[in-house]
Amino acid sequence: MKVTVGREELLKPLQMITGVVERRQTLPILANCLIDAGPDGVRFTGTDLEIEITGALAEGRVDKPGTVTVSSWKLLEITRTLADGAEVVLEADGEKLILSSARSRFSLATLPARDFPGVDAVEGEVSFRIEPATLAGLMHKTGFAMAHQDVRYYLNGLLLELHQGQLRAVATDGHRLAYGQAAADITREPAQQVIVPRKAVQELQRILREATDLVTVRLDQNHLCVEGEGFRFVSKLIDGKFPDYQGVIPRHDKLCAEIDRDVFRQALTQAGKLVNEKYRGVRLEFGPEGLRVTANNPEQEQAEVEVPVSYDGPVQEIGFNVQYLLDILAVTEGESVKVWLADPNSSIRLEDDADPDACYVVMPMML
């Protein structure tokens, strides 16, 4: 195998795939990427056995076809040190891969390409095309609410629900829930649900941010596949039943407080400096005169911040984890948010002024 390519062109697929490759692996070949040079160009593939990412060179010359595997991180870090605009030659030489550029030469250990594991083929029972920004936006607005290493394994991922002409995304860790939806070219009846693992959601968002053209999404019972210009992303799905999120979203709509998003976020940030670090609780007191945000800690320190709100209802005092509220405000984009509430023991529903297709639910906590 021998390939000639520019430094910048080589960096793009390496940066794309290396996020999924762990530096330390029980199987040495999982620390490597597969380089496949053929008549159709050069492809780089990385995997952790759960996720597989393939990135293609936009430009480059295949002087000699072939396949080889080499350390993803070493190849990426060496390429980063080369001069801008440098020409890079990758050439297999026995059990080594030689990287040459100008006066620099590196000899890297390889492992046989035949031993590189691949993810099972995606049957593609359902397929649709969508704008990468739309899919990435759905994941960004909801993914923060995914659980992390929860024994309820089905919560450690993002629910994608496919409806006729609509794609929904839902995430929850049992204490909060994020919901979003967007129009999509889906022809599917009845609805189908799949749960995408946490790491896959994070890696896919990173890749989609760089994509510009429509991407194709294919799903079967076990896999999610997303293909776009210059890349292919495949992930195994979580086998489990997601909770009935519709029953969790509160429907009460009598008491509503409308708050300036930036002012609300600043108040929560200020009060959050003096919360109990173990419980991270703040108290929100809604009243005709405005919203009062208070916090205290075991050192008898206290914070109190007043926020102007549009609210016409009885005084309501509710406790929340301050980080849950800040996480929601970090992904909303409107100038204001609406908070729908019922009583101190009921969850609240937050809505983004700029996105009527998204909503957020937070459970109260005792303070």
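Two remarks on conventions come first. The model is predicted, so local features need pLDDT of at least 70 and side-chain atom pairs count only at pLDDT 80 or more, while totals for chains, interfaces and linings use all residues. Residues are numbered from 1 along each chain as its sequence is written, and side-chain values use heavy atoms, with hydrogens and water left out.

I begin with the sheet. Nine strands form an open sheet in the order β14-β11-β12-β13-β26-β25-β24-β18-β22, with antiparallel pairing. Strands here are DSSP runs of E with at least two residues, helices are runs of H or I with at least four, and both are numbered from the N terminus; two strands pair if DSSP finds at least two bridges between them. The edges are β14 (192-197) and β22 (309-311), each of which pairs on one side only. From one strand to the next, the twist averages 20°.

Let us turn to strand β26, residues 355-362. Six of its eight residues are buried, where buried means under 20% relative accessible area, exposed means over 50%, and partly exposed lies in between, with a 1.4 Å probe and protein chains only. Strand β13 (residues 176-183) is joined to β26 by five bridges and runs antiparallel to it; here Leu 177 has Val 361 as its bridge partner. Five bridges also join β25 (residues 348-352) to β26, again antiparallel, and Leu 350 stands opposite Tyr 360. A hairpin is formed by β25 and β26, with two residues between them.

Elsewhere in the sheet, β11 (residues 157-163) and β12 (residues 166-172) run antiparallel and share five bridges. In this pair, Leu 160 is opposite Ala 169 of β12.

Which strands does α6 touch? Helix α6 packs on the sheet against β13, β24 (336-341), β25 and β26, and its direction makes about 170° with that of β26. Contact means heavy atoms within 4.5 Å; axes are lines fitted to C-alpha atoms, for helices over the stretch in contact, and angles run from 0 to 180 degrees between N-to-C directions. Of the ten residues of α6 (322-331), seven are buried, including Leu 325, Ile 328 and Leu 329. At the start of this helix, a side-chain oxygen of Asn 321 comes within 2.8 Å of the backbone nitrogen of Gln 323.

Helix α4 lies across β11 and β14, at about 85° to β14. This helix, residues 198-208, also packs with α3, residues 132-143, at an angle of about 145° and with the axes 9 Å apart. Pro 132, Leu 135, Ala 136, Met 139 and His 140 of α3 meet Val 201, Leu 204, Gln 205 and Leu 208 of α4. An α-helix has 3.6 residues a turn, so residues three or four places apart point the same way.

Helices α1 (residues 7-18) and α2 (residues 72-81) likewise pack at about 145°, with their axes 10 Å apart. Among the residues in this contact are Leu 10 and Leu 14 of α1, and Trp 73 and Leu 76 of α2.

Finally, is Asp 244 buried or exposed? Asp 244 counts as exposed because its relative accessibility is 55%. Its place is in the loop between β17 (231-236) and β18 (255-260). Asp 244 and Glu 277 are 33 residues apart in sequence and 32 Å apart in space, C-alpha to C-alpha.

How values were computed. Polar contact = N/O pair within 3.5 Å; in protein donor to acceptor, adjacent residues only side chain to side chain.
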